[in-house]
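The sequence and structure come first.

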Amino acid sequence: MNLRAPSSSPAGISASSHTNETKKLLILVGSPRREGNSATLASAVKLGAEEAGAEVELRFVDDHISSFLRDCRTCRRADGECDIQDRFRELFYEAFLPADGVVFCSPVYWYGLSAQMKAFFDRTFCYYAASHPDSEKALRGMSGKRIGLVLASEETYPGASLGIVHQIQEYSRYTHSEFVGVVRGAGNRRGEVAADPGGPLEQAERLGREFFGRKYTDYRLDTPRSGKVWGV
Ligand SMILES: Cc1cc2nc3c(=O)[nH]c(=O)nc-3n(C[C@H](O)[C@H](O)[C@H](O)COP(=O)(O)O)c2cc1C
């Protein structure tokens, strides 16, 4: 797959940390609960990102997706467009592709992402597959973003979210993106995550505030580096 080069330099200094250009952040919520814990955490990310001057859009996957990915051979139209009648296309072209960064906010369902959120990733296939007339645009827009992950779960043990973290890490690697942070809050009833003594709302707000400026490194054996992380 031919994807754009990552935005970080070999030394791991993100291009986004030294530019004043307004960054676009998409916050995508994968829970059906509008006042749920993922949505509560997403609002905190939004607050922080807006404080830092980003242009932020918060959308619920439920408003855009009403079908799983199908077999493109049976539902791709003659002109190459996807024939699934929902608002995924709008989400993908108007919000996802133009975004410099995306924060995926999902409840933990069965130790994985919610089906809504997983369907978001699967449905991108309709547009980046070579059989779509504008697949090059999709490939370019999908690559080189900053990525964040925000999770709400009932359980507190670290292992409950490892599968999801791994999936998003692989997604980021595959798309030459920078996976800059994870926040997880525990709660079950709507908004209960605010009572988590670990302070996930504060962490989420901080993730939003630092999203485009946070130092990101992912070295290889031959990566030039000074040996210092913070320059002190
Ligand atoms: C179908 C389903 C599966 C769930 N699976 C898990 C799970 O595997 N581990 C866990 O800690 N919580 C699990 N939960 C609890 C939710 O993660 C938790 O209630 C979360 O706060 C919901 O987030 P929301 O308010 O954004 O929907 C599950 C809830 C549902 C409805």
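Predicted model: local features only at pLDDT ≥ 70, side-chain atom pairs only at ≥ 80, totals over all residues.

## Ligand site

A polar backbone atom of Glu-155 is 2.7 Å from a ligand oxygen atom. For Glu-154, a backbone N or O atom lies 3.1 Å from an oxygen atom of the ligand. Tyr-111 likewise has a backbone N or O atom 3.1 Å from a ligand oxygen atom. On its own the ligand has 640 Å² of accessible area, and the protein covers 80% of this.

## Strands 4 and 5

Strand 4 (residues 146-153) and strand 5 (residues 178-186) run parallel and are joined by eight bridges. One of the residues involved is Gly-148, whose bridge partner in strand 5 is Gly-181.

Together with helix 7 (residues 162-174), strands 4 and 5 form a β-α-β unit, and this unit is right-handed. Strand 5 is mostly covered, with seven of its nine residues buried.

## Lys-23

Lys-23 sits in the segment that precedes strand 1 (24-29). Is Lys-23 buried or exposed? Its relative accessibility is 15%. The cut-off for buried is under 20%, so Lys-23 counts as buried.

Lys-23 can also be placed relative to Ala-49: the two are 26 residues apart in sequence, and their C-alpha atoms are 9.5 Å apart in space.

Note on methods. Residues numbered from 1 in each chain as written. Heavy atoms only, no water. Buried < 20%, exposed > 50% of the residue type's maximum accessible area, 1.4 Å probe, protein only. Helix = DSSP H or I, 4+ residues; strand = E, 2+ residues; numbered from the N terminus. Pairing = 2+ DSSP bridges. Right-handed = clockwise from strand over helix to strand, strands pointing away. Polar contact = N/O pair within 3.5 Å; in protein donor to acceptor, adjacent residues only side chain to side chain. Areas by Shrake-Rupley, 256 points an atom, 1.4 Å probe, with all protein chains shown as cover.
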